[in-house]
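Open the model in your viewer and follow the stops below. Each one says what to select and what is there.

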Amino acid sequence: MIDGYCYRLGNSERIPAQVELTDDGRVVLWMAQTHTNFSLQDVRLSDAIGSVPRALHLPDDWVFHAYAPEQLSAVFALAPVPTWVKWVDGFERHRLWIVGAIAVTLLSVVAFYQFVIPPLVVGVSNALPSSVYQAMGQQTLRTLEQLDVQASTVPAERQAALMQRFNAYVQAHETWFSKSQPKLLFRDWKGVPNAVTLADGHILITDDLLKLLDHDDEVYAVLLHELGHVHGNHVMHSVVRASLLSIGVAVVVGDASTLANTVVSAGTLVANMSYSREMEIEADAFAARQLNAERIGVAPFIRSFEKLESTHERKQPSAEENQPSSISDWFASHPNTEERIRRLRQFEPIMP
Amino acid sequence: MKNAFQFHGRGGEYFGIWIVNILLTIVTLGLYNPWAHVRNKQYFYGNTELAGERFEYLATGKQIFLGRLIAGILFVAYISLSNSMPIVSGAIFLFVMVAFPWVVQRSLRFNAVMTRYRGVRFGFVGTIKDAYVNFLGKPILAYVIAALWVSGVVFVLGIMGVAISQPKDLLSGISLIVLVVLILTLFAFVQMFAWVNQGIASYIHNGYLYGEHVFSAQLETKQFDKIYWSGAKVAVVFVLIAAAIMGGLIYAFKSGTQMFALVPLAGLGLYIGMFAVMLYVRALVYAKIRNYTYGQTLIGAERAYAFESNIMPSDYAVLLFTNTLMVIFSLGLLTPFVRVRIAEFLAKHTAIQGDLDALVTQEQAGVQTGATADALSDVFNLDIQF
């Protein structure tokens with residue numbers, strides 16, 4: 001005999017009651033002076049979850065709660081329960097399963113990141129029509145122009161010379177740029193020496209960078225690096241990847257609190273940055289190959305790095321930047337300059 | 001007689017449920033998500049005790065599957081199109097915004113009906129019309145009023161400023177005007193924010209039903225206003241201090257002293273300070289609003305049963321801060337412990353006054369449900385709760 005109380009579903013009145021499982025498998029419910037009996041097949045325990053006390057659901061909307069719930073669960077262990085609940089509850093409280101779940105979860109995250117995301121990103125990017133690429137490129141350009149970006153003041157002759165070299169290269173390798181038509185744009189972005197590739201293959205180079213790189217071979221090297229991004233479709237890949245990562249995160253930790261969401265999205269950002277580092281290396285290699293093929297060599301490219309690095313150093317004296325460190329490397333969107341130069345030297349051909 | 005809520009969940013125990021939820025969600029490529037949601041809810045409801053009885057969560061995974069599917073498709077479409085086709089994703093956003101009050105009403109009702117205490121399910125009787133008034137109408141109106149107010153202020157002060165100032169000190173005249181405009185703008189926005197949130201809180205706190213007892217709460221915009229100002233004050237003081245520090249640094253930088261070595265340090269300090277202040281303001285406003293709205297809430301019209309919430313803002317801020325550190329430094333693995341800590345804290349500071357054993361009530365017939373909207377509200381992370 002198990003002591004407890006009953007509710008008739010729909011009414012909050014608590015009625016003292018007892019429940020008993022007889023030897024011949026009948027369930028007897030005692031309330032006041034009367035008793036009713038049911039078959040074991042007609043009663044069920046509420047879903048097991050953690051150590052939440054379980055109640056006994058009886059026919060006619062009666063629910064019995066025991067003063068000693070563990071006694072109730074033990075006695076009615078044979079009452080029918082949905083199989084999946086039994087399984088899941090078993091996993092949830094089994095130490096080995098929990099350790100396994102942690103391991104599998106971490107492994108799946110790594111596997112997803114390593115093996116699922118890259119081909120998926122390429123597939124989705126290729127499936128997008130070129131109108132999407134153009135729309136995105138235009139959008140970015142408009143955003144940039146809303147910043148402090150103005151028409152270039154670089155002498156027209158220099159612009160024309162660079163443009164001519166750039167266009168000649170693109171025409172000679174037309175088949176490499178299938179999704180986009182590379183186009184060179186000159187802009188004055190006050191105080192920012194930079195070159196930016198947009199989704200539609202447009203490459204924006206700033207006056208400050210042109211001022212810094214006074215030799216056109218150096219500029220050409222930088223442009224080839226950016227064309228490496230266009231050739232590898234890197235801009236679209238990053239956008240698609242960021243979207244896929246955030247969708248994946250939302251599905252798996254959909255129930256997460258806002259707090260955990262913040263941490264997880266910071267994680268996806270870091271993941272994306274390490275991908276972007278790979279892209280930089282790929283674009284460097286592309287530029288190095290082209291420079292060697294045109295018998296210019298990687299020397300101007302290395303000089304452009306050194307010049308950029310020197311402006312960086314003048315701006316903020318920081319020792320950290322040059323120290324080789326695997327952790328800060330992984331966090332950095334661009335690999336550190338020494339590392340990039342070291343890699344470039346591997347492309348150096350024996351030249352007369 | 002005071003009945004405090006109690007939470008019995010334990011982080012270690014919940015960890016198993018949480019990690020198995022994640023595992024099964026991964027293994028089923030996301031299909032387990034609704035069932036994971038149900039297991040979570042069952043755990044937190046089942047471990048919440050009031051006057052000797054636990055709460056129950058009644059929804060099944062099957063019930064919320066379809067809703068989550070629709071929500072998921074909308075979400076995926078929104079995310080993946082937001083970069084490439086802003087027009088389509090904008091249309092989705094607009095659609096969700098217009099449907100939002102309907103979703104909120106359905107979601108509040110679904111969650112209420114799926115909650116049972118002492119054999120009786122809760123209900124929600126707030127109407128869809130009122131949901132549109134409070135979740136869409138008032139916010140839009142508030143924006144319009146605030147915008148008109150600000151442009152009016154700019155216009156009038158602009159004319160005045162130009163009229164009274166000599167060409168020479170036009171600049172100081174303009175900066176004075178900008179300052180006045182900023183203060184009046186802040187004033188307008190706090191006022192509008194209070195007005196909108198009073199409406200939303202009233203809608204929710206007057207909509208619930210337990211048996212035949214309707215919840216009621218007399219909420220005043222003035223009180224919301226006061227609470228938001230107390231938060232705004234902290235933020236403004238921080239901004240002023242930060243501006244003073246930045247000003248000092250810029251001055252030191254320009255005068256060419258060795259002080260510039262301090263710039264990164266000060267930057268980091270300000271960044272951490274900003275994070276801490278934001279967290280504190282959030283905790284302060286949340287605690288005060290919760291204390292006030294719960295304190296006004298009665299079950300039934302007569303003052304037989306009254307809610308009480310007594311969160312100390314600083315305690316809550318410390319909880320949020322330590323929780324953030326726990327999640328960050330465990331790479332998310334301590335999330336289950338964090339959730340249990342929050343549930344424990346909120347339960348401990350919530351109570352109902354009155355003899356609950358005497359509350360005998362009958363569930364009202366015709367409580368309907370709609371699982372789709374519930375799931376929608378969840379995936380777009382609208383945190384609507386009582």
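Start with chain B, shown as a surface. Its accessible surface comes to about 19,400 Å², and carbon and sulfur atoms hold 72% of that. Keep in mind that this is a predicted model.

You will find eleven helices and ten strands. Chain B has 386 residues, and 48% of them count as buried.

Where do the two chains meet? The contact takes 56 residues from chain B and 49 residues from chain A. About 4,400 Å² is buried between them, with carbon and sulfur atoms giving 64%. Select Leu23(B), Ile26(B) and Arg39(B). These supply 13% of the area that chain B buries against chain A, more than any other three residues.

Which charged pairs cross over? The rule finds three salt bridges across this interface. Zoom in on one of them: Arg14(A) with Glu53(B), whose closest N and O atoms are 3.7 Å apart.

Last, colour the elements on chain B's side. Those giving two or more residues are α1 (11-27), α2 (33-46), β3 (53-57), α3 (61-84), α9 (313-329) and α10 (335-348) of chain B. α1(B) gives the most, with eleven residues. Colour this side by class to finish: 25 residues are nonpolar, 20 polar and eleven charged.

Technical notes. Residues are numbered from 1 along each chain as its sequence is written. Chains are lettered from A and ligands numbered from 1 in the order in which they are written. This is a predicted model: local features need pLDDT of at least 70, side-chain atom pairs count only at pLDDT 80 or more; totals for chains, interfaces and linings use all residues. Side-chain values use heavy atoms; hydrogens and water are left out. Contact means heavy atoms within 4.5 Å. Buried area is the accessible area (1.4 Å probe) that two parts lose on being put together, summed over both. A salt bridge is a side-chain nitrogen of Lys or Arg within 4 Å of a carboxyl oxygen of Asp or Glu. Helices (H or I, at least four residues) and strands (E, at least two) are DSSP runs, numbered from the N terminus. Ala, Val, Leu, Ile, Met, Phe, Trp, Tyr, Cys and Pro count as nonpolar, Asp, Glu, Lys and Arg as charged, and the others, Gly among them, as polar. Buried means under 20% relative accessible area, exposed over 50%, partly exposed in between (1.4 Å probe, protein chains only). Accessible areas come from the Shrake-Rupley method with a 1.4 Å probe; for residues, only the protein chains shown count as cover.
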